[in-house]
Amino acid sequence: MRTLRTSLCTLAVIVFCAGLAIADPTDPEGAIGLNFNAALEQCERISVCSAAETGNGEAWVQAGLIWQTDLTNGALVLIDVNADCEILQSCPAPGGISPSENAYNGQYLYHYDFGTGMMYEINTANCEVMSSCDPPGDDMAEGLTYDYTTGLFWKGDSTTLYAFTYVDGQCTVVEQCPNP
């Protein structure tokens, strides 16, 4: 179990911090954050545009397609980044108070609203909210992603990264580790 925890927490740090590493005084020599510009040169950047007035919370669907939160208009928009950010579909953001993060698991779009503190499962074929759950954490940090390898969602809060499942409207913590 310790190996699983270490692996999951390492994965979470990579997912949340990739390309955004900042050196810590206790980092070993040669750590990626020690030379931020060199680290950026090693990253393969993907051109991402925004069709949203105030874009936030991207979720990759497939090559060239992402769901993005349009914070200003309270919408979730599917955009084609290869076609000058053409909006292919728009759904109202459930919760509607402070729409933010998105994750996609290959079947459903999952959206987190900071104002309600809830995560919503959305059928994008008709924009129907299938269910919702209260995900783990204190709602004081950003970040939501889905790990296709493990089938787990990851969400950060002010102190902790949580790996959790979402089944039938229930969010269940599987693992947690400190948020770096």
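Strand E3 (residues 75-80) is mostly covered, with six of its six residues buried. The model is a predicted one.

Q: Which residues point one way from E3, and which the other way?
A: In a regular strand, side chains alternate between the two faces of the sheet. In E3, Leu76, Leu78 and Asp80 point to one side, and all are buried. Pointing the other way, and also buried, are Ala75, Val77 and Ile79.

Q: In the hairpin of E2 and E3, which residue in the turn has a positive phi?
A: Strand E2 (residues 65-70) pairs with E3 in the antiparallel sense over six bridges, and Gln68 has Val77 as its bridge partner. Four residues lie between the two strands of this hairpin. The turn residue with a positive phi, about 60°, is Gly74.

Q: What is the bridge partner of Ala75 in E4?
A: E3 and E4 pair in the antiparallel sense over six bridges. They form a hairpin with five residues between them, where Asp84 in the turn has a positive phi of about 50°. In E4, Ala75 is partnered by Pro92.

Q: Is Ala93 buried or exposed?
A: Ala93 lies in the loop between strand E4 (86-92) and strand E5 (99-104). Its contacts beyond four places in sequence include Gly74, Ala75 and His111. Buried means under 20% relative accessible area. Ala93 has 8%, so Ala93 is buried.

Q: How far from Asp157 is the nearest side chain of opposite charge?
A: Asp157 sits in the loop between strand E10 (152-156) and strand E11 (160-167). The Asp157 side chain makes a polar contact with that of Tyr162 (3.5 Å). Asp157 is buried yet has no salt bridge, and the nearest side chain of opposite charge, Lys155, is away by 6.1 Å.

How values were computed:
Residues numbered from 1 in each chain as written. Predicted model: local features only at pLDDT ≥ 70, side-chain atom pairs only at ≥ 80, totals over all residues. Heavy atoms only, no water. Buried < 20%, exposed > 50% of the residue type's maximum accessible area, 1.4 Å probe, protein only. Contact = heavy atoms within 4.5 Å. Lys, Arg positive; Asp, Glu negative; His and termini not counted. Salt bridge = Lys/Arg side-chain N within 4 Å of Asp/Glu carboxyl O. Polar contact = N/O pair within 3.5 Å; in protein donor to acceptor, adjacent residues only side chain to side chain. Pairing = 2+ DSSP bridges.
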